[in-house]
Structures are given as structure tokens and as C-alpha cells.
Amino acid sequence: MNRTAIATIDDGSRLSDLILELQEKGLKVTGPLERRPGGAGPSDAGMIWVEGTPVTVPVDAEYVASTPLSLVAEDSGHAIYRDGVRLASATPAGRPRFYDLTTADGTPYWKLALMHLDSLASTVLQTCAYWGNDDQCTFCGIGVSLSSGNTVKVKRPEQLAEVAVAARDLDGAVDITLTTGSTLGRDRGAYYVSKCGHAMKEASGLPVEVQFEPPTDLAVIDKVHSLGIDSLGIHVESFDPDVLARVAPPKARTGIERYFETWEYAVERFGEGQVSTYVILGMGEDPEVTLAGCKRAIDIGVYPFIVPLRPVPGSLMADATPPSRAYTESIARAVAPELVKRGLTADKVSAGCARCQACSPLGSLERTIQLGMPKLGGALPGRAS
């Protein structure tokens, strides 16, 4: 390869540009790299630090074969190159040390929780009432990991507490992110995931985010709060009701207004910025509806965590591709200033995906604004495909 080195990234705008391109096109990797191939959330996630910023990027999907971006080993460390031109220094995530440990009953720690760069994450119930039937969310891969043998169906609180201490002490975990498959109970799984979070926080002292669907009874959120949980993720996935009906039928039946009711209730208990929702881009949504939903969420103190679609191998959307960088950028550049203006920036989130920001361009855009870069904004794109 003809490598022509350039200066490393020295401003937030250039870093944001590179993150957007990485999340659209993926990264060719030839050496060891920690990755997350399945699971309930953004998958096909190769984990790297780009100029010290945590980023997850597609590395295994078929479309990555055509990316011009490569992770290249250098004399000291690694860097990201585009067609032979050095763009930025990079540090691939190595295998966490706690992965080599097992519980007293012989369960490997890595089957109970995984390091997502500096965050310890787990799906505490690796089954979902909607998986494998007409209600299955098309973007989700929660059953993929279970069928592969890379996890266990139910993680127990005492097991997870043990892992949390090890991840903190051996690998520098700074927070805990817990999600769960939905149950048919009135709490939708919120009690169990929060019980696990409570045990992990008590043992390790790390802040915890738990993620669940809107419960039938909003008093469930009071119980979650009483267990010392720091942040909530209650994920609508799309503000476009037509898209939601197509890709996540159970969420469409819940209704977007019910999400707003739940968020308002949760913000009153957990505080502004400690409640977030995933907003997946690239599923055919109307951008005007998407931006209006994000703005409304921000107005009530909810963080809309924007992520480009990352198709999960084995899911119903396995053959899809991420949206274009231009589309993701136009939405993110419209939302980031609203977050900064409202004071709901990632650096104020206690735990979870909105704190980490590795799967989204929002965090780097927020920092660009906060550093006094030119005001961000752009015209609305056409409907995503």
C-alpha cells in the first residue's frame, strides 16, 4: 500500500466527518479487533478508539467489502487510512481481561456481559416475546446471539454483580448498560433488568442505565427509580408511525403518544437528560416527522439517541444497508444544536448509550458546537431508503 501520512485530526469537525463516513461505509480490518456480531442493539460493531473517541463501526457485513477505509498497523499503534491516505490515529479494542474468568458454576464471564469499549453491557433476558413471530422487530438480532451459543438465556443478578466488579477492576469499565427482551408482563421486563442493575451497582459502584419498553402501569418506573438506577432507555426506534408499523408492530401498537407519556413521567423521576430513546435512521422514515419528534423529545428533557441503521446478520433486515452519510449527517446536524441549546449533552448523561456515544455521530457534533465551531445545520434530506 502506498501510504501517505497526513496530520492527525485536530478539530471536532474533521473527526465528526470521519465518524459519519465510518458508520456509513464500515472499516476493513485484518488484525484482532473486539466486535459484537449479534444482540438486541446496534450490532456488527467493531470497537475502536479514533483519536481517543469511542466508535463502533460495521466490520463484518457484505457491503464493508467495498469500503475505502482500512485499519492499518503502523510502527507504533494503528491508523485509519482511505485509499492509502492516513486519516487518523486509531486504537482497536483488545480482548478484555475479565473474559478469561468464569463464575463458580462454570459460566464464562463473556457469556454474561461484554465490554463495549468503556461500557459494560448485557442483555439480561436473551429472549423476547416478539421474537420468531409476526411481531418480531425487523432490525433486532436478540435471538441471533442465543442461537449461536455466545450467551445464556437468563443472566442472574449475582452473576452480573460478580462480572461488574471484574470489568471495573481489570478493564476500566466506567458504566453499565443493561437491556432485556420484552416480556408479556405488565412491567415488560423492567423489574428484572432493574433488579440486575441494582445488584451490579451495589457491588461495583458503577452508574447504570436500564432499557425497557413502556410498562402498562407507569408506577413501575417508580420501582425502577427506588432501586437506584441512574438512567433509562425507553426506545421508540422511529417517530414515523408508518415505519414503526412496518418494522416494529408491538411498538406501533403501544403508540408514539404512549412513549411521550412514559418519557414525561420518567423525566420527572430521573431528571432531564437521564431518559433517552433510540432513533434509527435509514428505515424509510420521513425526515420532517423524525426531526419534529426529536425536537419534541428534547423539549421535555429526553435525549433522542440518533443512530444509522446497522443491519444485523441473521435479522429480518440483514440484507439492508446503512443510510447515506449525507442523510445521517443532515439529521444529526439539525438535532445536535437543539441538544446543546437545551443542555442535554452526552457529557451530562450518567450511564448508557447516550453517555457512550460510540454508535452515534451526535456526541462528536455536540463537542464541535461546544468548542465554538461554526454553527451546524442543513437542509432536510429526502425520505430515507
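Trp263 is buried, at 0% relative accessibility, in this predicted model. The residue pairs with Phe239 in an edge-to-face arrangement, with 6.1 Å from centre to centre and 75 degrees between the planes. Both belong to one aromatic cluster, together with Tyr259 and Phe260.

**Aromatic pairs and the cluster**

- The structure contains seven aromatic pairs; one of them joins Phe98 and Tyr109, a tilted pair with 6.4 Å between the ring centres and 45 degrees between the planes.
- Phe98 and Tyr109 both lie in the loop between β6 (85-92) and β7 (114-116), so their pair ties together parts that are 11 residues apart in sequence.
- Phe98 and Tyr109 are both buried.
- In the pair of Phe239 and Trp263, the former lies in the loop between β11 (231-233) and α6 (241-247) and the latter in helix α8 (residues 256-270), so the contact ties together parts that are 24 residues apart in sequence.

**Arginines over aromatic rings**

- Arg296 lies over the face of Phe260, at 3.7 Å from the ring centre; Phe260 is also one of the members of the aromatic cluster.
- Arg269 is placed over the face of Tyr265, at 3.5 Å from the centre of that ring.

**Cysteines**

- How many disulfides does the model contain? The count is zero.
- For Cys140, the closest cysteine sulfur is that of Cys137, 6.2 Å away; this is too far for a bond, because a disulfide requires the two sulfur atoms to be within 2.5 Å.
- Is Cys140 buried or exposed? Cys140 counts as buried because its relative accessibility is 13%, under the 20% limit.
- Cys196 is likewise buried, at 0% relative accessibility.

**The second largest pocket**

- The volume of the second largest pocket is about 220 Å³.
- Its lining comprises 18 residues, of which Arg355, Cys356, Gln357, Gly363 and Arg367 are the closest to the pocket centre.
- Which elements supply at least two residues each to the lining of the second largest pocket? They are β3 (53-57), α11 (353-356) and α12 (362-370).
- The most is given by α12, which contributes five residues to the lining of this pocket.
- Sorted by class, the lining of the second largest pocket holds eight polar, five nonpolar and five charged residues.

**The cavity**

- The structure holds one cavity of 30 Å³ or more, and the volume of the largest cavity is about 30 Å³.
- The residues that line the largest cavity are Leu20, Gln23, Glu24, Pro308, Pro323, Ser324, Arg325 and Thr328.
- Two or more lining residues come from each of α1 (12-25) and α10 (325-342).
- Which element provides the largest share of the lining of the largest cavity? That element is α1, with three residues.
- The classes represented in the lining of the largest cavity are three nonpolar, three polar and two charged residues.

**Loop residues and backbone geometry**

- Met283 is located in the loop between β12 (275-281) and α9 (287-299), and its relative accessibility of 3% means that the residue counts as buried.
- Met283 and Val243 are separated by 40 residues in sequence, yet their C-alpha atoms are 6.9 Å apart in space.
- Arg188 is a residue other than glycine with a positive phi, near 60 degrees; its place is in the loop between β9 (175-179) and α4 (190-204).
- With a relative accessible area of 22%, Arg188 is partly exposed.
- Glu237, which is not a glycine, also has a positive phi, of about 80 degrees.
- Glu237 lies in the loop between β11 and α6 and counts as buried, at 9% relative accessibility.
- The loop between β11 and α6 that holds Glu237 is also the location of Phe239, the partner of Trp263 in the edge-to-face pair.

Technical notes. Residues are numbered from 1 along each chain as its sequence is written. This is a predicted model: local features need pLDDT of at least 70, side-chain atom pairs count only at pLDDT 80 or more; totals for chains, interfaces and linings use all residues. Side-chain values use heavy atoms; hydrogens and water are left out. Buried means under 20% relative accessible area, exposed over 50%, partly exposed in between (1.4 Å probe, protein chains only). Rings of Phe, Tyr and Trp (its six-membered ring) pair if their centres lie within 6.5 Å; planes under 30 degrees apart count as stacked, over 60 as edge-to-face and the rest as tilted. Helices (H or I, at least four residues) and strands (E, at least two) are DSSP runs, numbered from the N terminus. A charge sits over a ring if NZ of Lys or CZ of Arg is within 6 Å of the ring centre and within 35 degrees of the ring normal. On a 1 Å grid over the protein atoms alone, a cavity is a set of points where a 1.4 Å probe fits but cannot get out, and a pocket is an open set with protein on both sides within 12 Å along at least five of seven lines; lining residues have an atom within 4 Å of a point. Grid points are joined across faces, edges and corners, and a volume is the space filled by probe spheres set on the points. Ala, Val, Leu, Ile, Met, Phe, Trp, Tyr, Cys and Pro count as nonpolar, Asp, Glu, Lys and Arg as charged, and the others, Gly among them, as polar.
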